[in-house]
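Visitor: Please take a close look at the metal site in this model, and then at the parts of the fold around it.

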Amino acid sequence: MAQAGEAPTVARKVGIYTRISRDDEGDALGVARQRDDCERLADLRSWQAVKVYEDNDVSAFKRNVVRDEFELMLKDLRAGLINGVVAYDLDRLARQPRDLERLIEIFDERPRLEFATVTNDINLATPDGRTMARVMVAFANKSSHDTSRRIKRKHLELAQQGKSTGGAAPYGWRKDDRNKVDPEAAKAIREAQRDVLAGVRIGTIRTRWQQQGLGNPRAGTKRMAHHHVEQILTSPRLVGYQTYHREILFGEDGRPVMGEWEPINTVEEWEAVCVVIAERKRKDPGRSLARRYLLSGIARCGLCKNKIRGQNNRLWKPGSKATKYTYQCSVVNGGCGKVGRVGEPVDRLIARLVLEEQREKAAATGVPIEQQWAKEQELADVVGDIAQLLEAEKTKQITVSTLLQLLPPKERLRDELRLERSRFFKEQKQKQAKGNTADLTEDEFFDLPIERQQEIILHSLSAVIINPVGRGNRRFDPDLIDPVWRE
Ligand SMILES: [Zn+2]
């Protein structure tokens, strides 16, 4: 490393960051070698490496591990003691998206910072570089999850033997002995399950548990996630089934592996609860949401142009087939309060018009949905090339410096292709999830969750103007409803 006093004063001062992780075991890419490569790179760029930050044998992937030197480096960077970072690769520098964002934040605050890694051609000082870095860290994060899954294999073995895998006792069992039932918690679970069978919503149970401090809320807060309550009430552990990653484990004989703990439910009780919750989800995905009206916030008053919301209308005649809601300009919301309309015919009219329009548009363009990403082979090839290069260096067929010359363009291509592919599949998934609205019937439309209905409406319309009616005019007049089409 160059000494501060000897280097030309114009050189930018950078820090070198190295880390050795458990992943390096076997083909240990030692800290010393990382440092050498980083220093060479700094030299190439005419930067002055003034400090080396070295985190040893900790995994950046583990969320709670504090990397002292990494923290120190961020501090120095922020304070202006160094004006850039050189690292061996992005993986070692920031495996957690959170760490990367903290680093990027500093690059935002302090323009003209330098950045380089030996193996990737990434520059955090540019928006493109940041995007690419985010993608790469996301990928690396995923592969770390894969690694940590391998480490968990011993937990699987323990689970298969019906042994506990450690960790905090699940709700329902005693904290000091997770094989023994905690009577109070077990009672709360059974009560909640009975409620669920009687039609009570999970959200209601969650609220009650939060108020009473039940269900193992996180320390310091009484809040619990909806899915957490659901998991407690449907956990296979309740009947003694051993699980692994929330799936029931089956033994060689095809039967569930039984744990050593005391069960809380019979299989029949537990299955009933699971079935009811599963069915409720399927039938009524929007049920947990409060009642919302299709054109709330989309409709506007024809007189004052204020946004109009839907509301229950108790004055609506009992026995009428129309649902009892209206769109009402409201003084409370800053409107004139003079315009209102029965909701259901407005919703029907607007849905029909929008679906017709989208059908016509689809017929005119007729864009087919592609299923295959065209460059799959190209990506496979470049991934293969990279593996070959790494192997060649490992077996000393090529030198490190040759490797470092050949690798970056390949890696860049690979990362670009991966980014392209993930975008392609994301769009595919979104298209699939949204279905083909052009084929929707009116009834199918109204069966969709309200958010989807609104999204479809807003795709075609920017607003729906509801104009006032004359006195005594009780019949619904479609001409007084003005859809405002998007260009
Ligand atoms: Zn109004």
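Guide: The site of the zinc ion is tetrahedral, with angles of 98 to 114 degrees among its 4 donor atoms. Four donors count as tetrahedral if all angles lie between 85 and 135 degrees; donors are N, O and S atoms within 2.8 Å of the metal (3.2 Å for Na, K and Ca), and water is not among the atoms, so sites may look incomplete. The model is predicted, so local features need pLDDT of at least 70 and side-chain atom pairs pLDDT 80 or more, while totals for chains, interfaces and linings use all residues. Residues are numbered from 1 along each chain as its sequence is written, and side-chain values use heavy atoms, without hydrogens or water.

The SG atoms of C301, C304, C329 and C336 are the protein donors, 2.2 to 2.4 Å from the zinc ion. Along the sequence these donor residues follow the spacing C-x2-C-x24-C-x6-C. C304 sits in the loop between β7 (299-301) and β8 (309-312), and C336 in the loop between β9 (325-328) and β10 (340-342), so this pair ties together parts 32 residues apart in sequence. Helices (H or I, at least four residues) and strands (E, at least two) are DSSP runs, numbered from the N terminus. C304 is partly exposed at 28% relative accessibility, and C336 is also partly exposed, at 25%; buried means under 20% relative accessible area, exposed over 50%, and partly exposed in between (1.4 Å probe, protein chains only).

C329 also belongs to a separate core of 26 residues that includes Y293, L294 and I481. A nonpolar core is a set of buried Ala, Val, Leu, Ile, Met, Phe, Trp, Tyr and Cys residues joined through side-chain atoms within 4.5 Å.

β7 leads on to a sheet. This open sheet has 3 strands in the order β7-β11-β12, with mixed pairing; two strands pair if DSSP finds at least two bridges between them. β7 and β12 (481-485) are the edge strands, each with a single partner, so one side of each has no neighbour in the sheet. On average, neighbouring strands here are turned by 30 degrees against each other, direction ignored. β11 (residues 461-466) runs antiparallel to β12 and is joined to it by 5 bridges. Within β12, P483 stands opposite V464. Helix α15 (residues 450-460) lies across β11 and β12, at about 95 degrees to β11. Such angles run from 0 to 180 degrees between N-to-C directions, with axes fitted to C-alpha atoms, for helices over the stretch in contact; contact means heavy atoms within 4.5 Å.

Conventions
Tetrahedral: all angles 85-135°; square planar, octahedral: opposite > 155°, others 65-115°.
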